[in-house]
Amino acid sequence: MTERRTATRRMTVSQALVEFLANQWTVDGDVRERTIAGTFGIFGHGNIAGVAQALKQLAREDPARMPYHQARNEQAMVHQAVGYARMHRRRATFACTASVGPGATNMLTGAALATTNRLPVLLLPSDTFATRVADPVLQQLELPHDATVSVNDAFRPLSRFFDRVSRPEQLFSAALGAMRVLTDPVETGAVTISLPEDVQAELIDVPLEFLREREWHVRRPQPDPGELARAAAAIRGASAPLIVAGGGVLYSDAADELRRFAEAHGIAVATTQAGVGALPWDHPLAAGSVGATGTTTANRLAAEADLVIGVGTRYSDFTTASRSAFQHPGVRFVNLNVASFDAMKHGTELPLVADARAGLVALGAALEGSGAGTSAEYRRALAEEKAAWDGVVDAAFAPSGRPRPAQSEIIGAVQSASDPRDVVVCAAGSLPGDLHKLWRVRDDLGYHVEYAYSCMGYEIAGGLGVRRGAPDRDVIVMVGDGSYLMMHTEIVTAVAEGLKVVIVLIQNHGYASIGALSDTVGTDRFGTRYRYQDAEANDVDPERTLPVDLAANAASLGIDVVRIEPSADAVAELAAAVRAAKASPTATLIHVESDPLVPAPDGGGWWDVPVAAVSEVPSTQRAREAYETAREAQRPLV
């Protein structure tokens, strides 16, 4: 009997992993690109002799095969990978390597953000010695009742795939399992391979088969015939349908198919935060954003819809206005989603489990010649509602002449200076809600607001990821002072690598979003202002603003800074500064002060934030009465 021998190379575990990752390719139709575009890393005793050495060695042989980028914060490098992945419609992402202990746990928030947004990122946190030869090592968390647990186990509930390579031979199955999930539209999110620091540097005989180029084909599943027939019948029978387009439309590259389907049947399209861009803002069927941060157009259509066609949406509470948006007594839901988990949301009897693009094509074919379509009255009402809201936005954008403009005026100034293919980036605070209602998107990838996790601090790091993913586009990051203070360190990365982004930093002197929410729940902006502390009152002194100079802070990091001083011409000066920054070859931060007490136009949506059931504070008592009234419109299902 002849013994079968497999050709191998003697390598360290880290060298084998890095070379494996360099040879993985995602194929989506006629698009083929590297699945792992590069590696972000901050090195310490956990990975300096392992992954860092492997990256260095491969860089000497072929620098382009696995580019390395230095980050300044572990959470931020995960955000960069997420921004990149969205611009590549989930076909490509980055690996992120961190050291033992705090370096690893700093990535936890990034992992949660990636998984919540259904965007792929590969995390390589270092772990303590598998051999336990030096227990306890520096930065090791010890649990007396379970010696097998490390801080990296905290990644388990945050990851769509988790493995720990405790022996070198486990690398093969761990790496292949990670790639399976990263390239699966249903399963994707944060993927974590925990790497003990001793195992990273151990020898292993690696089969050449493991190191060869490998293609991962993205599945675009077709709908089940029975589900398709039931969905088509529901659409034929609807008189007031509404499409709710989510991020799945963009990840499936289905914007053109959505437009064709909507036009064929005269159905208005409302968008979630992740779905903005599914139709350009001025398309006759574009109803704008829906839900808690929606437009009056979309929310009125939602209230009257007898059929909601969800395409690639997970139906967050903001989308459904905390289950108060859809008020028709007989409303039904056709949920087209690649994931059955989302297609079955809220008890629908009409799931359509399929890729967004494939599902829309199949629905179009099933309805062809059926005469399904909305009435002239429906389309006339849509046009009137849309024109009315556009007028509201025009008025909100118009300069008021106040020295400190409203946030809506600032958005209008940035909008006027932007070009159709520019990408606006945001994540947390009051800006995402205002952008959702007001930003006039003209390109399907022109809007990137991380609002599944709404992570303060995402903006600048995510903006760098967007720029890496779309170097031919201008990236405009809009960020409030609260989020800026949470995480602005990747400005240094932008300067170091010559990554051109335009950052518009809005100085609110506090948490503008939570301040406004605080008013609605009766806590009178407690703990939301940046002011000197008043120890006697156990609060802050509202009249004593802190002398924080964020423009000077940004300048100290090496970025070009433009100050827009408070004046009647602040809006015009801001627009001019954005145009100049777009023309500059380097990154620019523009600092502008706002009046956080001037709200954006109300679109009629509601968000369920519970109010204290009993209180001795009059403002809380009034808020509770309003809350109970609003909750009457809430439904047990959407």
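Trainee: Which element gives the largest share of the lining of the largest cavity?

Mentor: In this predicted model, that element is H10, with three residues. Strand E16 (332–337) and strand E19 (447–449) also give two or more residues to this lining, as does helix H10 (247–251).

Trainee: Why is the space of about 530 Å³ called a cavity?

Mentor: A 1.4 Å probe fits there but cannot get out, and therefore the space is a cavity and not a pocket. The volume of the largest cavity is about 530 Å³.

Trainee: What makes Gly247 a lining residue of the largest cavity?

Mentor: A lining residue has an atom within 4 Å of a cavity point. Gly247 is one of the 38 residues that line the largest cavity, so Gly247 meets that cut-off. Gly247, Gly248, Ala274, Gly312 and Arg314 are the closest to the centre.

Trainee: How is the lining of the largest cavity divided into nonpolar, polar and charged residues?

Mentor: There are 15 nonpolar, 15 polar and eight charged residues.

Trainee: Which residues lie nearest the centre of the second largest cavity?

Mentor: They are Trp281, Ala287, Gly288, Ser289 and Trp439, out of 23 lining residues. This cavity holds about 260 Å³ of space. Its lining divides into 12 nonpolar, seven polar and four charged residues. Trp counts as nonpolar, so Trp281 and Trp439 belong to the nonpolar group.

Trainee: Which elements each supply at least two residues of that lining?

Mentor: Strands E13 (268–271) and E14 (286–289) do, along with helices H15 (376–397) and H17 (430–438).

Terms used
Residues are numbered from 1 along each chain as its sequence is written. This is a predicted model: local features need pLDDT of at least 70, side-chain atom pairs count only at pLDDT 80 or more; totals for chains, interfaces and linings use all residues. Side-chain values use heavy atoms; hydrogens and water are left out. On a 1 Å grid over the protein atoms alone, a cavity is a set of points where a 1.4 Å probe fits but cannot get out, and a pocket is an open set with protein on both sides within 12 Å along at least five of seven lines; lining residues have an atom within 4 Å of a point. Grid points are joined across faces, edges and corners, and a volume is the space filled by probe spheres set on the points. Helices (H or I, at least four residues) and strands (E, at least two) are DSSP runs, numbered from the N terminus.
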